Amino acid sequence: MLESRLRELESRGLAQLENAADRESLEAARVEILGRKGSLQALSREMAIVPADQKALIGRLLNGVKAALEQAYDRRKAAFDKAALDARLEGEWFDLTVPAPGVRPGKLHPLTQIQQELEEYFTSLGFAVMDGPEVETEWYNFDALNIPATHPARDAQDTFWMEQGHVLRTHTSPVQVRAMEKFGAPLRIIAPGRVFRNEAIDASHEHTFYQLEGMMIDRDVSVAHMVYFLKGLMQAIFRREVTVRLRPGFFPFVEPGFELDIQCLICAGKGCAVCKQSGWLEQCGCGLVHPNVLRNGGIDPGVWNGFAFGLGLTRLVMMRYGIDDIRWFASGDLRFLSQF
Ligand code: DAH
C-alpha cells in the first residue's frame, strides 16, 4: 500500500515540479510535496507501521523518491535562476571592446589661428615677429609716434591711464619705435598683440582687442611697396584674390597716411548690407613713416624711409568668419570656440 502511494506521489510530484510555470508555483509545489507538513513527510511518518521485514525495502524506496523529487526541484529552480540572470545580462549588456571615447582634443582660439597664419605669411617674406609690453609708457604709446599732447586719443575716455604716466597700450604702434631702437635699419617687423581702450562695450566694441602692426624700413620704400605687402596680406587672410584701394587717412605717425579698403567680398563691389552699400570694407590704417617717428627710433630720415600699417586683428577674424558680436571672443563659450 505505502509502496504504491509513494510511487504515485513520485510521478505526481515530478510532474508538478517540472511543469511549474514560474518561481512562485515552483515554491508552492515544493512546500506542498517536500515541506515539513508536505505529502512526503506525511508518508514517511507511516514508516512506523510498516512491518519489520519490509522496512528496509520501503525505506530505500522512500529515500529514492525523496532524492528524485529534490533533484527535480533543484533542476527547475536552476533553470529559473539562469533565465533571470540571462534577462538581466541582456538588459545590462555593454561592449567592452568598443574603444573608450578618450579626451576631446582642444583647439586654438580663432584669433590665435589667424595670428599664426599671418606670422607665417610675414616671416616667409623676411619679417621678424616682435612683441611689446601691454603696459606702455606715454612716450612710446603717444609722444614717440608724433601724437601731440593735445590729441583726443589721449583723453581719459579712450585710454586706460595707470600710475606714473603709464598706459595700457591703445595700439600696437609703440612696438614700431621699440623695434627701431632695438634693430635699427633696415627693418622688417610685425607685432601682433593685445590693445586696450576705454570703450563702451557693444557688439562691435570691446575694451580689449587685438591688432597687428607692421613696419618696413629700407632705402626708397614707396607706397607701391606698401600696397604690395598689404594686398598679399589681405589675400592671405581671405584666401582669395582681393581688390584694394587707398583713401587718404590721417595718423600722426605717417605722412602720407591712408586707409586701405578691400572691395566687398560679399557683393563684389555692388553694395550690400555688409559693406553698408558702399562696395568697400575698411581694413587698416597705413602710410609712409613720418620722419619724426624715424628720428625718435634713432633712424636717420635722410637715409632711410619706410611704411607702417596697423590692422584690427579681431575685426578681421570677425569678417573672415562672419562673427557678428565681438563679445564672443573672450566669452570662453565652447559652442562658439568649437566651430573653428
Ligand atoms: N595705430 C593705429 C590705430 O590704432 C593704426 C595705424 C594706422 C597703424 C596707421 C599704423 C599706421 O602703423 O601707419 O588706429
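Colleague: What kind of model is it, and how are residues numbered?
Modeller: It is a predicted model, where local features need pLDDT of at least 70 and side-chain atom pairs count only at pLDDT 80 or more, while totals for chains, interfaces and linings use all residues. Residues are numbered from 1 along each chain as its sequence is written, and side-chain values use heavy atoms, with hydrogens and water left out.

Colleague: Great. In what order do the strands of the sheet run?
Modeller: The open sheet has 7 strands in the order β1-β4-β5-β9-β8-β7-β6, with mixed pairing. β1 (128-129) and β6 are the edge strands, each pairing on one side only. Strands here are DSSP runs of E with at least two residues, helices are runs of H or I with at least four, and both are numbered from the N terminus. Two strands pair if DSSP finds at least two bridges between them.

Colleague: And what holds paired strands together?
Modeller: Strands of a sheet pair through backbone hydrogen bonds, either parallel or antiparallel.

Colleague: How many bridges does β5 make with β4, and how many with β9?
Modeller: β4 (residues 187-196) pairs with β5 in the antiparallel sense over 10 bridges, and R188 stands opposite M216 in β5. β5 and β9 are also antiparallel, over 8 bridges; there, L212 has L311 of β9 as its bridge partner.

Colleague: What about β8 and β9?
Modeller: β8 and β9 pair in the antiparallel sense over 5 bridges, and C286 is partnered by F309 in β9.

Colleague: Which helix lies across these strands?
Modeller: Helix α8 (residues 223-238) lies across β5, β6, β7, β8 and β9, at about 30 degrees to β9. Axes are lines fitted to C-alpha atoms, for helices over the stretch in contact, and angles run from 0 to 180 degrees between N-to-C directions. Contact means heavy atoms within 4.5 Å.

Colleague: Switching to pockets: what volume does the largest pocket have?
Modeller: The largest pocket holds about 1,100 Å³ of space. Of its 43 lining residues, R197, F209, Q211, F251 and G312 are the closest to the centre. A pocket is an open set of points on a 1 Å grid over the protein atoms alone where a 1.4 Å probe fits, with protein on both sides within 12 Å along at least five of seven lines, and lining residues have an atom within 4 Å of a point. Grid points are joined across faces, edges and corners, and a volume is the space filled by probe spheres set on the points.

Colleague: What classes of residue line the largest pocket?
Modeller: Its lining divides into 20 nonpolar, 14 polar and 9 charged residues. Ala, Val, Leu, Ile, Met, Phe, Trp, Tyr, Cys and Pro count as nonpolar, Asp, Glu, Lys and Arg as charged, and the others, Gly among them, as polar.

Colleague: And the second largest pocket?
Modeller: The second largest pocket has about 470 Å³, and its 18 lining residues include V274, C275, L281, R315 and M319 nearest the centre. By class, that lining has 8 nonpolar, 2 polar and 8 charged residues.

Colleague: Where are the cis peptide bonds you flagged?
Modeller: One joins A185 and P186, with omega about -5 degrees; P186 lies in the loop between α7 (174-183) and β4. Another joins E255 and P256, with omega about 0 degrees, and P256 is in strand β7.
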